[in-house]
Amino acid sequence: IRHNFIYQKLVQGKIVNVKALADEFGVGERTIQKDLNERLCEIYNIQSLGEGNYQLDRHHHMQISEEDESIAISLMKALQHSAMPEIDTYIDTSLHINSDYSEIFTFTTHLEQIEDIESFKLLIKAIKWKVGVEFTYTKVDGSSKKVLADPYRLANFQNYWYLIAYDPSALVLKNYYLKNISKLKMLYENFTGNEKIEKELKEVCSNMESVWWNNERQSCLLEVSGKAKYYIERDLPDNMKIVEVNDEYLLASYFYHNELEILPYVKSWLPHIRIVNNEELNNTLKYELELFLEK
């Protein structure tokens, strides 16, 4: 929001002053200096006029209409609403727009709502400051354990929020479901990332295909026919690749890290889909279906 405000003043041809901006946002002058010299200068050609004054280079032209700006901010509001509806008012008061189009947009992506805003903010600070955290983590079976970890990312896998953190005791990156985290606190002990962790993080964040990303990636062949063929071929999931297609069916490779990904997917398209080349998965599917019918 601060960067957007500074940019709007610059693009209007105005001169901005570091001290005035610091006073307006209630931050230090070094923070504003960093905004201008490191962050905004990476994107825009900003000139220093001396004595803390800055101006957008006079040769820089970026045409954006008020309507385009309103649409962009309205899209942002509509996307974030499901996760943090509490900040709708804050966005309205911080970013002035002439027309609000957010109610016009409807998204099938509904992010899980962040219930504990304070813990969410605390994790953001810990990640930004590279400070370790301590929390109690409740597992699927109901048991809980105390966790000491170095937080790196807040990730959203298939609409659900997770913390990606490094476990110093196991020397691996792990993910923790945000709603299962309680009694969170910062340790105020800085950690230093290493090249291996950063490389693994880059791979995870670029793919973001599964919450079980640290498991081995597997694949199996699916034969899809009937209505399922039409809809899957029209909107092929990112983790599927068509191998063969004809008028009657299509064959596709399905990539997964855990059987909890592929089995629910196959069940959702029964009876127009079948697992072709994995007997173990077929047996598990058969057992679960028979158990369901018995009940």
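In which hand, left-handed or right-handed, does α1 pass α2? In this predicted model, α1 passes α2 in a right-handed crossing. The two helices, α1 spanning residues 2–11 and α2 spanning residues 18–25, have axes that come within 12 Å and cross at roughly 140°. Because angles over 145 degrees are needed for a pair to count as roughly antiparallel, α1 and α2 are described as oblique to each other. The contact itself brings R2, F5 and I6 of α1 against L21, E24 and F25 of α2, and the residues that take part divide into four nonpolar and two charged, with no polar residue among them.

A pair of aromatic rings is described by the distance of the centres and the angle of the planes. One of the pairs is formed by Y137 and Y176, whose rings are 5.1 Å apart centre to centre with 80° between the planes, an edge-to-face arrangement. This pair links distant parts of the chain, since Y137 belongs to strand β4 (residues 131–138) and Y176 to strand β7 (residues 172–177), 39 residues apart. Y137 has a relative accessibility of 12% and therefore counts as buried, and Y176, with a relative accessible area of 3%, is buried as well. Y137 and Y176 also belong, together with F135, to one aromatic cluster.

A second pair, that of Y231 and W269, has ring centres 6.3 Å apart and planes at 25°, so the pair is stacked. Here too the pair links distant parts of the chain: Y231 sits in helix α8 (residues 226–234), whereas W269 lies in the loop between α9 (259–268) and β12 (273–275), 38 residues apart. Are the two residues buried or partly exposed? Y231, at 40% relative accessibility, counts as partly exposed, and W269, with a relative accessible area of 24%, is likewise partly exposed.

The loop that carries W269, between α9 and β12, also contains P271. With a relative accessible area of 70%, P271 is exposed. P271 can also be placed relative to K227: the two residues are 44 residues apart in sequence, while their C-alpha atoms are 9.9 Å apart in space.

Notes
Residues are numbered from 1 along each chain as its sequence is written. This is a predicted model: local features need pLDDT of at least 70, side-chain atom pairs count only at pLDDT 80 or more; totals for chains, interfaces and linings use all residues. Side-chain values use heavy atoms; hydrogens and water are left out. Axes are lines fitted to C-alpha atoms, for helices over the stretch in contact, and angles run from 0 to 180 degrees between N-to-C directions. Helices (H or I, at least four residues) and strands (E, at least two) are DSSP runs, numbered from the N terminus. Angles under 35 degrees count as roughly parallel, over 145 as roughly antiparallel, 65 to 115 as roughly perpendicular and the rest as oblique. A crossing is left-handed if the near helix is turned anticlockwise from the far one by less than a right angle, and right-handed if clockwise. Contact means heavy atoms within 4.5 Å. Ala, Val, Leu, Ile, Met, Phe, Trp, Tyr, Cys and Pro count as nonpolar, Asp, Glu, Lys and Arg as charged, and the others, Gly among them, as polar. Rings of Phe, Tyr and Trp (its six-membered ring) pair if their centres lie within 6.5 Å; planes under 30 degrees apart count as stacked, over 60 as edge-to-face and the rest as tilted. Buried means under 20% relative accessible area, exposed over 50%, partly exposed in between (1.4 Å probe, protein chains only).
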